[in-house]
Amino acid sequence: MLIAIDAMGGDNAPECNIEGALSAAAEWKDIQIVLVGDEARLTPLLKNKPSNVTIRHAGDVIGSDEEPVKAVRRKKDSSMVVAGRMVREGEADAMISSGNTGALMTTGLLVVGRMQGIERPALAPMIPTLDDVGVLALDLGANMDAKPQHLAQYALMGSIYRNKVHGIVKPRVGLLNVGTEPGKGNELTKEAYPLLEAMPGIHFVGNVEARDVLTGSCDVLVCDGFAGNILLKTLEGTAGAMFALLKEQFSVSLKSKLGAAMLMPQLRTLKGKMDYKEHGGAPLLGLSGLVVKGHGSSDGNAVKNAVRQARIALQADLVASISKEISGSE
């Protein structure tokens with residue numbers, strides 16, 4: 001299994017990508033990792049490079065603030081585009097990038113290519129839940145607008161992912177909505193509901209309200225990219241605010257500081273449950289090759305976990321499985 005990492009993508013690049021790659025290469029000897037980026041910057045940071053880590057030179061970088069389509073078309077020698085081209089041409093089995101999300105989506109569509117039968121690929125990150133199982137939510141930002149048939153495809157792709165990668169035999173699929181009754185919602189959700197209900201390839205459990213997402217009410221949460229991204233950012237912001245408030249309260253007095261010291265192991269566990277770094281990245285489902293999007297502020301541990309995620313998906317032959325199911329459902 002050969003995995004290409006966009007070494008120049010992300011807020012902490014290239015150091016975080018190198019750290020994650022070296023850690024992953026040391027743990028999993030059945031993978032080859034190619035760090036794609038500026039060889040002059042990468043080589044000095046790889047003094048003890050193992051045999052299953054190599055460098056592929058790419059002289060350009062797509063910045064976080066660049067317009068995605070223009071950047072991908074103009075910067076053909078950027079680390080992200082080169083990694084995408086490696087997947088398209090069969091030089092790599094998967095690619096990982098923590099760079100510009102819009103540019104990665106564009107790279108997926110224009111360079112890697114869309115899977116036949118898929119109208120809109122979806123960004124599918126894991127959202128942590130109280131039962132530690134998590135929920136795969138899609139789409140959470142790849143497409144701001146969606147049609148009912150797009151949501152139906154998201155449901156099928158998400159179900160296959162949870163089955164193949166996480167081993168859930170019959171994943172429960174929920175539709176993000178403002179109420180649990182079938183007739184609730186806007187025109188999109190009202191039209192999507194009967195489509196999901198009639199699909200033979202999924203286990204649809206109905207509408208799911210945002211307040212129930214963290215309780216593990218479903219294994220796959222389907223929504224359009226606009227609502228999904230708002231949900232994701234709200235959860236991230238709430239978690240950050242909660243920990244900031246706890247830190248503030250625990251610093252009020254000596255008694256509260258002593259209490260914080262006693263609770264520290266539990267607090268670290270709680271923070272770990274809500275930490276995106278533990279999940280590694282979000283796959284872009286619906287492309288003809290495996291593409292994983294890492295968080296922009298990923299550290300070495302997050303990159304390593306993204307490699308783990310890609311490795312499991314490749315072992316499960318995820319892309320071929322989705323393609324087969326989509327072809328059969330048309």
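**Questions on a predicted model**

Reader: Which residues of α7 are buried?

Author: The buried residues of α7 are Leu 188, Thr 189, Ala 192, Tyr 193 and Leu 196. The arc they cover around the axis is only 130 degrees, so they sit on the same side of α7.

Reader: What covers the buried residues of α7?

Author: The cover includes α6, β8 (172-177) and β9 (203-209).

Reader: How do you know that the span of helix α7 agrees with its 12 residues?

Author: Helix α7 runs over residues 187-198, and at 1.5 Å a residue it should span 16 Å. The C-alpha atoms at its ends are 18 Å apart, which agrees with that expectation.

Reader: Which residues have the most contacts inside the largest nonpolar core?

Author: That core has 57 residues, and Ile 33, Leu 35, Val 307 and Leu 318 have the most contacts inside it. The helix that gives the most to this core is α6 (residues 148-166), with nine residues. Another core lies apart from it; this one has 26 residues, including Ala 71, Val 81, Val 111 and Leu 123.

Reader: What does Val 307 touch, not counting residues up to four places away in sequence?

Author: Val 307 touches Ile 3, Ile 5, Ala 24, Trp 28, Ile 31, Ile 33 and Ile 96.

Reader: Which residues are buried in helix α5?

Author: In α5, which spans residues 101-112, the buried residues are Ala 103, Leu 104, Met 105, Thr 106, Thr 107, Gly 108, Val 111 and Val 112. These residues pack against α3 (68-74), α4 (79-88), β4 (94-97), β11 (281-285) and β12 (290-294).

Reader: What is found at the start of α5, and what follows it?

Author: At the start, a side-chain oxygen of Asn 100 comes within 3.0 Å of the backbone nitrogen of Gly 102. Gly 113 follows α5, and its phi is positive, near 105 degrees.

Reader: Why does Thr 129 count as buried?

Author: Buried means under 20% relative accessible area. Thr 129 has 5% relative accessibility and therefore counts as buried. It is in the loop between β6 (126-127) and β7 (135-138). Its side chain reaches the backbone nitrogen of Gly 134 at 2.7 Å. Leaving out residues up to four places away in sequence, Thr 129 touches Gly 134, Val 135, Val 213, Leu 214 and Gly 216.

Reader: Why does Asp 132 count as exposed, whereas Asp 317 is called partly exposed?

Author: Exposed means over 50%, and partly exposed lies between that and the 20% limit for buried. Asp 132, at 54%, therefore counts as exposed. Asp 317 has a relative accessible area of 47%, so it is partly exposed.

Reader: What is phi of Asp 132 and of Asp 317?

Author: Most residues other than glycine have a negative phi. Asp 132 has a positive phi of about 70 degrees, and it is in the loop between β6 and β7. Phi of Asp 317 is also positive, near 55 degrees; Asp 317 lies in the loop between α10 (300-315) and α11 (318-329).

Reader: How do you know that the peptide bond from Ala 13 to Pro 14 is cis?

Author: Omega of that bond is near 0 degrees. Pro 14 is in the loop between β1 (2-6) and α1 (15-27). Another cis peptide bond joins Leu 138 and Asp 139, with omega about 5 degrees. Asp 139 is in the loop between β7 and α6. In general, most peptide bonds are trans.

How values were computed: Residues numbered from 1 in each chain as written. Predicted model: local features only at pLDDT ≥ 70, side-chain atom pairs only at ≥ 80, totals over all residues. Heavy atoms only, no water. Core = buried A, V, L, I, M, F, W, Y, C linked by side-chain atoms within 4.5 Å. Buried < 20%, exposed > 50% of the residue type's maximum accessible area, 1.4 Å probe, protein only. Helix = DSSP H or I, 4+ residues; strand = E, 2+ residues; numbered from the N terminus. Contact = heavy atoms within 4.5 Å. Expected span 1.5 Å × (residues − 1). Arc of directions from axis to C-beta. Polar contact = N/O pair within 3.5 Å; in protein donor to acceptor, adjacent residues only side chain to side chain.
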